[in-house]
Amino acid sequence: ERTEEVERLSEVGCSVLCLNCPQGMLFGIDYSAWTVGPLFMGVKLCPPGLHFLYCCASTEEVGVARTGFFLHMRPRDVDVFRWDAESEELVRLDDADEEARYADGVRNHDFDKHLGPYPLDLANQWTELTRHATPQLVCKIEPVAKAIRSKRAEYDVEVPGALQGSNLTSSDLTAGEDDNVAMEVGGELDEPKQPEEAAEETEKCPQPGPAAAGNSSQDSSQQQGANPRLESNRGAGGLFFSVVPRSRKRKGATPAETTQLQMDLSARLEDMIRREYGGDELLILGELQVAYIAFLLGQNYDGFEQWRALLELLCSCEAAVESRPGLYSELLRTFFAQLSQAPADFFGDGLTSGNFMGACALSLLELCNAEGAPSRLRKRCEKLQELLQEKFGLGVEDLALLGEGAPAIVDADGKDLVDLSSGLGELD
């Protein structure tokens, strides 16, 4: 259908050309993924902005490595990849002249019959998920070689007991959405794994050349030495996330001040915004979004860890809600968008249940919906509560009984007498 948006993208839209793709591989861009047919060579009519491209050799969920890339696409940009049969992933062309010739061919419509249209009906959802993820922030976080490879928790040096053995995958998280799009290119294709799409016009991130690739192993090993848990299971795959401030006792602080510092983490948040983002408060939400995408679509456990750490920090800052209402208004919007794309059993999954999701959601609602809070915050809290109730069947009382934040009754010696977080599954 030649809508006004399609007409516009025919002039300024972007494309992704993928050479030598084997039939049956999984190809995804943003929140849509397909099993490709024999004639498939990529996607056209992509809105300029941030996108996430990912692929793997087959659609099997177990034992198949996934590789993804963030793409910052300007109007009429063409990104060219080639399938590498040995590594079983898409790689960029080494020859810049060859890449330019292919890009010119795409702009001249030489490959049109092999390119599927970008699912435009999902664009607004993707934009919501990436609205604060700037090109500069993504360039700071992404691996040296730009490829974000799947990583399970087993690759970490330390794995929290509550998270061991989880089999949560991106298809689990995106299952159950209403909108599905089928791409009719190169034969039969599976229905997409899920929705969403991209974004605002941004500057293009420099692509890694041979020199950058040559140094990637050294940079990766240096990063691994600094923190082994931030390194993925293959070389040059480490994500350079910001350091979330840890709990520390201030010298000379009174017991009351120390207690306050542990209960209200606003001081840590202020320190992180100043140190990591140069005072730009919205960039912490951008990193929250990048981590979520790396976890959800890139199947990278480091993304989950950073997403969790940032959520726990942001949802534990009472003073910051008053001093930074704009930040928390956008946090509510971001959290709403992320939960909108999660499956209905998200709060009951092994990776996200019993640890932090219930506590974070409850704390955020309590902080932003308190008496005297700005009306904008309270209205967005109402929308979030409606989503939690309608999609997940959870009210405020239910959230209080989930995870580590669940109330417990103890005796004078600290022995747990009643743990309300146990046995909740039997109440269904």
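1. F295 is buried, at a relative accessible area of 6%, and W307 is buried too, at 0%. Here buried means under 20% relative accessible area, exposed over 50%, and partly exposed in between, with a 1.4 Å probe and protein chains only. Please keep in mind that this is a predicted model, in which local features need pLDDT of at least 70 and side-chain atom pairs count only at pLDDT 80 or more, while totals for chains, interfaces and linings use all residues. Residues are numbered from 1 along each chain as its sequence is written, and side-chain values use heavy atoms, with hydrogens and water left out.

2. A word on the whole chain. The protein chain has 15 helices and twelve strands, taken as DSSP runs (helices H or I, at least four residues; strands E, at least two) and numbered from the N terminus. Of its 428 residues, 50% count as buried. Among contacts with a separation of 6 or more, 73% are between residues 24 or more positions apart; contact means heavy atoms within 4.5 Å.

3. Now to the aromatic rings. The structure holds eleven aromatic pairs. Rings of Phe, Tyr and Trp (its six-membered ring) pair if their centres lie within 6.5 Å; planes under 30 degrees apart count as stacked, over 60 as edge-to-face and the rest as tilted. One of the pairs is F27 with F40, which is tilted, with 4.9 Å centre to centre and 55° between the planes. F27 lies in strand β2 (residues 26-29) and F40 in the loop between β3 (32-35) and β4 (42-46), so the pair ties together parts that are 13 residues apart in sequence. Both F27 and F40 are buried.

4. F295 and W307 make a stacked pair, at 6.0 Å centre to centre and 25° between the planes. This pair links distant parts of the chain, since F295 sits in helix α9 (residues 283-296) and W307 in helix α10 (residues 301-314), twelve residues apart. Both belong to one aromatic cluster, formed by Y292, F295, Y301, F304 and W307.

5. How do α9 and α12 pack? Their axes come within 10 Å and cross at roughly 10°, which makes α9 roughly parallel to α12. Axes are lines fitted to C-alpha atoms, for helices over the stretch in contact, and angles run from 0 to 180 degrees between N-to-C directions. Angles under 35 degrees count as roughly parallel, over 145 as roughly antiparallel, 65 to 115 as roughly perpendicular and the rest as oblique. On the α9 side, I284, L285, L288, Q289 and Y292 meet L327, E330, L331, T334 and Q338 of α12. By class, this contact has six nonpolar, three polar and one charged residues. For the classes, Ala, Val, Leu, Ile, Met, Phe, Trp, Tyr, Cys and Pro count as nonpolar, Asp, Glu, Lys and Arg as charged, and the others, Gly among them, as polar.

6. E330 deserves a look of its own. E330 lies in helix α12 (residues 325-340) and counts as buried at 10% relative accessibility. Its side chain is joined to that of H132 by a polar contact of 2.8 Å. A polar contact is a pair of N or O atoms within 3.5 Å; within protein, one must be able to donate a hydrogen and the other to accept it, and residues adjacent in sequence count only if both atoms are side-chain atoms. Apart from its neighbours within four places in sequence, E330 is in contact with R131, H132, L282, L285 and R380.

7. Helix α3 (residues 123-130) also packs on α9, at an angle of about 120° and with the axes 8 Å apart; that makes α3 oblique to α9. Here W126, E128, L129 and T130 in α3 meet Q289, Y292 and I293 in α9. The residues of this contact divide into four nonpolar, two polar and one charged.

8. D77, in the loop between β6 (67-73) and β7 (78-84), is buried at a relative accessible area of 10%, and its side chain reaches the backbone nitrogen of R74 at 2.8 Å. Most residues other than glycine have a negative phi. H109, in the loop between α2 (96-107) and β9 (116-117), has a positive phi near 70° and is exposed, at 52% relative accessible area. Q299, in the loop between α9 and α10, has a positive phi of about 55° and is buried, at 16%.
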